[in-house]
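Hi,

Here is the structure I promised to pass on.

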Amino acid sequence: MAKRPKFQRPTGMKDILPEEQPYFEKIYRTVDDIARFYGFGKIDTPMVEDSELYERGTGQSTDIVEKQMYTIKTKGGDVLAMRPEFTPGIVRAFNENGMLNLPQPVKLYTYGPLFRYEHPQAGRFRQFNQVDFEVFGEESAAIDAQIIQIFYAFLRDLKFSHLIIEVNSIGDAQCRPYYKKVLVNYLRPRQNSLCADCRRRIRENPLRVLDCKEEKCQRVKAQAPQFLDHLCDSCKTHFKSLLEFLDEIDLPYHLDPYLVRGLDYYTKTVFEIFSESTVEQKEGEETVTRSALVGGGRYDNLVRLLGGKDVPAMGGAAGVERIVALMKEKGFLGAEIPVPKVFLAQLGDLPKKKSLKLLEELRRAKISITESLGRDSLRTQLARADKLEVEYTLILGQREMLDETIVIRKMDTGEQAIVKMDKVVEELRKRLKK
Ligand code: AMP
């Protein structure tokens, strides 16, 4: 067995190699287009923030803060956290840059890496990327619907088709305390049927029991009282209005009365978007698997909680690695990865020098071309051109240098033609257009 190299990637983190980059580029290009259309401005915030920002914002009793944060003590003694999510940093930037004075709503988007100390597994990393959209200063449920619509459109543009939107309302400061009581009254007598974490959650954050993925907790959850039956009037009206908007734009949503999401700051609307795939298992048996791609919700108290004014807000985030994995599996990019159609072969010192100049001319003419400047034999270079499945190879030898010409070889037939060097761009354009 080959010896493992001494240095390896940190657990749960990965290298994004050149062959994967086109997927990421496609995703970010799609996001930029949608953001421009819907009037979102791009924001980039630091990759580290004061750790207290997340303790207060994301919440002390969330998994993210309790178990997953990478914290750093700087040489100056500050305690910083590598960002585990985007929202608190963007809220901090909204407050710090006086964005309240801008015409409202303020629409911001971003993408980039996040860090969570998770148990690594398929689709779950310790460094991963998200695409994030946030809207500040608008309390209408129309904005909730628009955020959901934007993520849905984003995934549709990337060719996803079997998408499921789950929505729920988790109330506000008016109705949540009462619902929590109702829930605790239901959970207490059943605590022996819950996992150890959930037994603790009954005291600290009972809503999170509904979020637990443990089989036995799921069984208890299935009969639990639902928040939708205990919403106050204003939350009920908001939720009803959201569903009307979603109906109006024909989005395929489901109500999931137990969707709570893992974060403390959500108020009213919460949502997730899943991609469903049918996987064929042994003997023709099919199972449907779901991959969570997007999560988000409304957070009307967070701006104030982090030192700003009373500004309602709504947002969401999509997991880029999970989207890439599915795009690969479903062949969504395939033909779109640009492959060069021309190879440049050169023979000898002078042609090699001329090649550098010619490559730059072709780049300016937007003709994508590849080469193997380190090789000298024509045979090896043609073999490489064959392997790359290019349509044409340009051959530049000593004789052509003297004549100021170049050979164009059509790879599938082996047919060759000699053209004047100053006509090569024109000739290639003509041939590649066919
Ligand atoms: P969250 O910020 O936890 O609401 O997650 C939003 C989306 O980010 C999820 O639906 C996933 O697609 C993605 N995501 C969250 N955590 C991870 C992780 N550890 N590794 C990869 N993707 C993740």
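**What's in the core**

The largest nonpolar core has 101 residues, and the members that touch the most others are Ile-27, Val-131, Phe-133, Phe-136, Phe-154, Phe-160 and Ile-323. Helix H5, residues 141-157, supplies the largest share of this core, with 10 residues. Before you read on, do keep in mind that this is a predicted model.

**Domains**

The protein splits into domain 1, made of 21-175 + 231-334, and domain 2, which is 339-432. Their C-alpha centres are 48 Å apart.

**The ligand**

Which residues come nearest to the ligand? There are 14 residues around it, and the nearest are Arg-116, Glu-118, Phe-125, Arg-261 and Ala-292.

- Arg-261: a side-chain N or O atom sits 2.5 Å from an oxygen atom of the ligand.
- Gln-130: here too a side-chain N or O atom is involved, at 2.9 Å from a ligand oxygen.
- Ala-292: this one uses the backbone, with an N or O atom 2.9 Å from an oxygen of the ligand.

On its own the ligand has 480 Å² of accessible area, and the protein covers 89% of that. The elements that give two or more residues to the shell around the ligand are E6, strand E10 (286-298) and strand E11 (313-319). E10 gives the most, with 3 residues.

**Some buried residues worth a click**

Asn-129 is in strand E6, residues 127-136. Is Asn-129 buried or exposed? It counts as buried, because its relative accessibility is 10% and the cut-off for buried is under 20%. Beyond four places in sequence, Asn-129 touches Ile-16, Phe-24 and Tyr-28, then Gly-112 and Pro-113, and finally Ala-318, Gly-319, Val-320 and Glu-321.

Leu-163 belongs to strand E7, which covers residues 163-169. At 6% relative accessibility, Leu-163 is buried as well. Its contacts, again leaving out neighbours within four places in sequence, are Tyr-152, Leu-155, Arg-156, Pro-252, Ile-273, Phe-274 and Ser-275. Leu-163 and Tyr-253 are 90 residues apart in sequence, yet 9.1 Å apart in space from C-alpha to C-alpha.

Arg-201 sits in helix H7, residues 196-204. Despite being an arginine, Arg-201 is buried, with a relative accessible area of 7%. Not counting residues up to four places away, Arg-201 touches Asp-63, Lys-67, Pro-206, Arg-208, Val-209 and Cys-212. For a sense of scale, Arg-201 and Pro-312 are 111 residues apart in sequence and 28 Å apart from C-alpha to C-alpha.

Thr-370 is in strand E13, residues 369-371. With a relative accessible area of 17%, Thr-370 is buried. With residues up to four places away left out, the ones Thr-370 touches are Pro-340, Val-342, Phe-343, Leu-344 and Leu-388.

Most residues other than glycine have a negative phi, and most peptide bonds are trans. Here are some places that go the other way.

The peptide bond from Gln-104 to Pro-105 is cis, with omega near 0°. Pro-105 lies in the loop between helix H4 (87-96) and strand E5 (106-115).

Lys-366 has a positive phi, near 60°, and is not a glycine. You'll find Lys-366 in the loop between helix H12 (349-364) and E13. Lys-366 is exposed, at 77% relative accessible area.

Glu-389 also has a positive phi, about 55°, without being a glycine. Glu-389 is in the loop between helix H13 (378-387) and strand E14 (392-396). At 70% relative accessibility, Glu-389 counts as exposed.

Cheers

Notes:
Residues are numbered from 1 along each chain as its sequence is written. This is a predicted model: local features need pLDDT of at least 70, side-chain atom pairs count only at pLDDT 80 or more; totals for chains, interfaces and linings use all residues. Side-chain values use heavy atoms; hydrogens and water are left out. A nonpolar core is a set of buried Ala, Val, Leu, Ile, Met, Phe, Trp, Tyr and Cys residues joined through side-chain atoms within 4.5 Å. Buried means under 20% relative accessible area, exposed over 50%, partly exposed in between (1.4 Å probe, protein chains only). Helices (H or I, at least four residues) and strands (E, at least two) are DSSP runs, numbered from the N terminus. Domain bounds come from an automatic or database domain assignment. Contact means heavy atoms within 4.5 Å. A residue is near a molecule or strand if one of its heavy atoms lies within 4 Å of it. A polar contact is a pair of N or O atoms within 3.5 Å; within protein, one must be able to donate a hydrogen and the other to accept it, and residues adjacent in sequence count only if both atoms are side-chain atoms. Accessible areas come from the Shrake-Rupley method with a 1.4 Å probe; for residues, only the protein chains shown count as cover.
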